[in-house]
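Have the structure open while you read.

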Amino acid sequence: MTYIILMSSKGGSGKSVLCKQFSRELYRLGYSVRAADYDPQQHFAQFAEVNNSMFTESDTADYVLVDTQGAHTQTNIDIIESMKTEKALFVIPFRPTEDDYKEALRMRDRLKENGILDKAVFVANGCYREHDKDVKKYKALLADTVNISSSIFVQRKAYAKDPDSKVISEVSRFLNEIVI
């Protein structure tokens, strides 16, 4: 079982939406998926309840998708601590902006001080387009100290809804690059 934890020290980075899309794609590919939602807003939990046929409660799921609160909370610290000995991947979405760059650095430092930076990948989300100058800039700035996905997620209208072929392609590309 592999844990995929979507974490950021701020809200609005796309954690819940990516949990939904990762779940859809992993399920489509034939993997068993379990959902865990530690975000007080519970968007991912509501999605899992409505789409319960996609999810299992089994401890033998292939993947456990974990949505977290967009803040530095004790719950997030506990999640980090509990994943030290687990097969886990922390996915840190960031938007290509100065504010999100600073938050990504904070996440980098927290993961590093907990000895699990090697279990993390940072991914640009909410991008205008793949080869945008801001995407290139912030990926390059982060690439010196963290694992950066070559995949990105372009902001699309209604991204959280049923995915179109472009969304499926982006999610599949990321999962094949980093997870599968």
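Let's start with aspartate 134, which sits in helix H5; helices (H or I, at least four residues) and strands (E, at least two) are DSSP runs, numbered from the N terminus. Aspartate 134 is partly exposed, with a relative accessible area of 29%. For that scale, buried means under 20% relative accessible area, exposed over 50%, and partly exposed in between, using a 1.4 Å probe and protein chains only.

Some ground rules. This is a predicted model, where local features need pLDDT of at least 70 and side-chain atom pairs count only at pLDDT 80 or more, while totals for chains, interfaces and linings use all residues. Residues are numbered from 1 along each chain as its sequence is written, and side-chain values use heavy atoms, with hydrogens and water left out.

**Cores**

A nonpolar core here is a set of buried Ala, Val, Leu, Ile, Met, Phe, Trp, Tyr and Cys residues joined through side-chain atoms within 4.5 Å. The largest one has 31 residues, and Ile5, Met7, Phe90, Phe94, Leu111, Phe122 and Leu142 touch the most other members. Elements giving two or more residues to this core include strand E1 (2–6), strand E4 (88–94) and helix H5 (133–143). H4 supplies the largest share of this core, five residues. Leucine 142 touches Phe94, Tyr101, Ala104, Leu105 and Ile148, leaving out residues up to four places away in sequence; contact means heavy atoms within 4.5 Å.

**Strand E1**

How many of the five residues of E1 are buried? Five of the five are, so E1 is largely enclosed by the rest of the structure. Thr2, Ile4 and Leu6 point one way from E1, and Tyr3 and Ile5 the other way.

Two strands pair if DSSP finds at least two bridges between them. Tyrosine 3 stands opposite valine 64 in E3, and isoleucine 4 opposite leucine 89 in E4.

On a 1 Å grid over the protein atoms alone, a cavity is a set of points where a 1.4 Å probe fits but cannot get out; a pocket is an open set with protein on both sides within 12 Å along at least five of seven lines, and lining residues have an atom within 4 Å of a point. Grid points are joined across faces, edges and corners, and a volume is the space filled by probe spheres set on the points.

| Space | Volume | Lining by class |
|---|---|---|
| Largest pocket | About 200 Å³ | two nonpolar, nine polar, three charged |
| Largest cavity | About 30 Å³ | four nonpolar, two polar, one charged |

In those classes, Ala, Val, Leu, Ile, Met, Phe, Trp, Tyr, Cys and Pro count as nonpolar, Asp, Glu, Lys and Arg as charged, and the others, Gly among them, as polar.

Of the 14 residues lining the largest pocket, Gly12, Lys15, Ser16, Asp39 and Gln41 are closest to its centre. Serine 16 is in helix H1, counts as buried at 13% relative accessibility, and touches Asp39, His43 and Asp67, not counting residues up to four places away in sequence. The largest cavity is lined by Met7, Ala71, His72, Asn76, Ile80, Met107 and Arg110.
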